[in-house]
Amino acid sequence: MGEQGARKAVGERRFLAPFRGEVLDVPPIWLMRQAGRYLPEYRATRAEAGDFLKLCYTPKLAAEVTLQPIRRYGFDAAILFSDILVVPDALGQSVRFAEGEGPRLEPIRSVDELARLSLAGTEAKFALVAETVARLRQDLPQETALIGFCGAPWTVATYMVQGQGSVDQAEARLWAYRDPKGFQALIDVLVAASIDYLDRQVQAGADCLMIFDTWAGSLPDDEFDRWVVAPTRAIRETLRERHPDVPVIGFPRGAGATAVWYVSETGVDGIGCDTATPPFVMSEAFEEEDVVVQGNLDPLLLVAGGARLDERVDEILDLMDGKRFIFNLGHGIVPQTPPENVAQLVARVRGRG
Ligand code: 1CP
């Protein structure tokens, strides 16, 4: 395909239309964690790979699991299959995914321990992820957008410092309070690595980027500004210089009404709203901002299914009617989700045409 043909095809990706200022009758739809354990074909590929990180670093297999939900449901966007913890792993902190237990990392809790990380060492692993992106751009239908992503520095740091997932992110918060200068050094490494990681994904063919800040809601005002807003702004600004046309969606989960401040201060082009975001915030609070709103169906409603699922989908569509909106969940699909409920959801959203 000639360059003009390729550009035309990009223009037809309806997922990108809201970022160009268009309001669609039927919003684009994709779902966080749309590739994953609720799909039998994912479980088969996952078993073939054996290790979770091996799945992330094997372009053929990572591309395959990215494509699986597109084949089933024809979502408007695919999201690169990888994980936010690929960045600490590539930096040299050992990361492993224990079966049924979630991630385990050798914790980093002081400036001295930052010596274990190396920005220069990320090259080989980031190149494998970029190869997955390039493969996907070849294999995806032309009309399907491809979303690249990383974890936000704050959220990635919570895992690096704690050594695993936690309910309160206590170790990272304590380090940030006791030694903000030292903690800043960790955040600075993550900002640099994230910029490089996202830049490579765009160069390999990603149409849009998303920054997952799953634990943004665990920080109060000034800390939120310093550890959530400032690093995200730094990433956003550098990427805008390098790739002015590639939109970035922020997902400051748990930020509540502060998400409006987050949008204006970081300059993100899209805002992912979590399940608890009140309807008036979704439909009105961002009106002064030049931003596309994405969200926010409860993932457990997708497990429950039935008439309540349809009702809630209609409520969200009515609420966001006439706005630049992307339909999504308020957090990732959970493993016990019946795949047929996802089909029901997609049909309900598209039935509005
Ligand atoms: O065994 C398995 O198959 C592991 C399950 C799994 C999957 C499917 C993990 C481990 N990561 C992923 C993929 C993943 N993770 C994607 C792929 C694309 C898609 O959405 O389809 C993405 C975007 C992520 C992002 C991610 N990983 C986040 C941010 C978003 C969110 O869900 O809040 C976080 C916090 C992680 C860390 C992580 N990776 C995996 C698990 C179980 C966790 C959470 C650990 C914890 O907090 O306890």
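1. A residue counts as near a molecule if one of its heavy atoms lies within 4 Å of it. The ligand has 22 residues around it, and those that come nearest are Tyr42, Asp83, Tyr159, Thr214 and His331. By class, this shell holds 13 nonpolar, 5 polar and 4 charged residues. Here Ala, Val, Leu, Ile, Met, Phe, Trp, Tyr, Cys and Pro count as nonpolar, Asp, Glu, Lys and Arg as charged, and the others, Gly among them, as polar.

2. On the basis of the notes: this is a predicted model, in which local features need pLDDT of at least 70 and side-chain atom pairs count only at pLDDT 80 or more, while totals for chains, interfaces and linings use all residues. Residues are numbered from 1 along each chain as its sequence is written, and side-chain values use heavy atoms, with hydrogens and water left out.

3. Tyr159 has a polar side-chain atom 2.5 Å from a ligand oxygen. For Thr214, a polar side-chain atom lies 2.7 Å from an oxygen atom of the ligand. In His331, a side-chain N or O atom is 2.7 Å from a ligand oxygen. On its own the ligand has 900 Å² of accessible area, of which the protein covers 87% (Shrake-Rupley method, 1.4 Å probe).

4. The ligand takes up the space of the largest pocket, meaning that more than half of its atoms lie within 2 Å of the pocket's grid points. A pocket is an open set of points on a 1 Å grid over the protein atoms alone, with protein on both sides within 12 Å along at least five of seven lines; lining residues have an atom within 4 Å of a point. The largest pocket holds about 1300 Å³ of space, a volume being the space filled by probe spheres set on the points. It is lined by 39 residues, of which Arg33, Arg37, Phe52, Asp83 and Phe97 are the closest to its centre. The elements giving two or more residues to this lining are α2 (40-49), β2 (95-98) and β3 (102-105).

5. The structure also has 1 cavity of 30 Å³ or more; in a cavity, a 1.4 Å probe fits but cannot get out. The volume of the largest cavity is about 60 Å³. Its lining includes Pro252, Ile271, Asp274 and Phe286.

6. Two backbone details deserve a look. Gly295 and Asn296 are joined by a cis peptide bond, with omega about -25°, and Asn296 lies in strand β8 (residues 292-297). Arg33, in the loop between α1 (3-11) and α2, has a positive phi near 60° although this residue is not glycine.

Conventions
A polar contact is a pair of N or O atoms within 3.5 Å; within protein, one must be able to donate a hydrogen and the other to accept it, and residues adjacent in sequence count only if both atoms are side-chain atoms. Helices (H or I, at least four residues) and strands (E, at least two) are DSSP runs, numbered from the N terminus.
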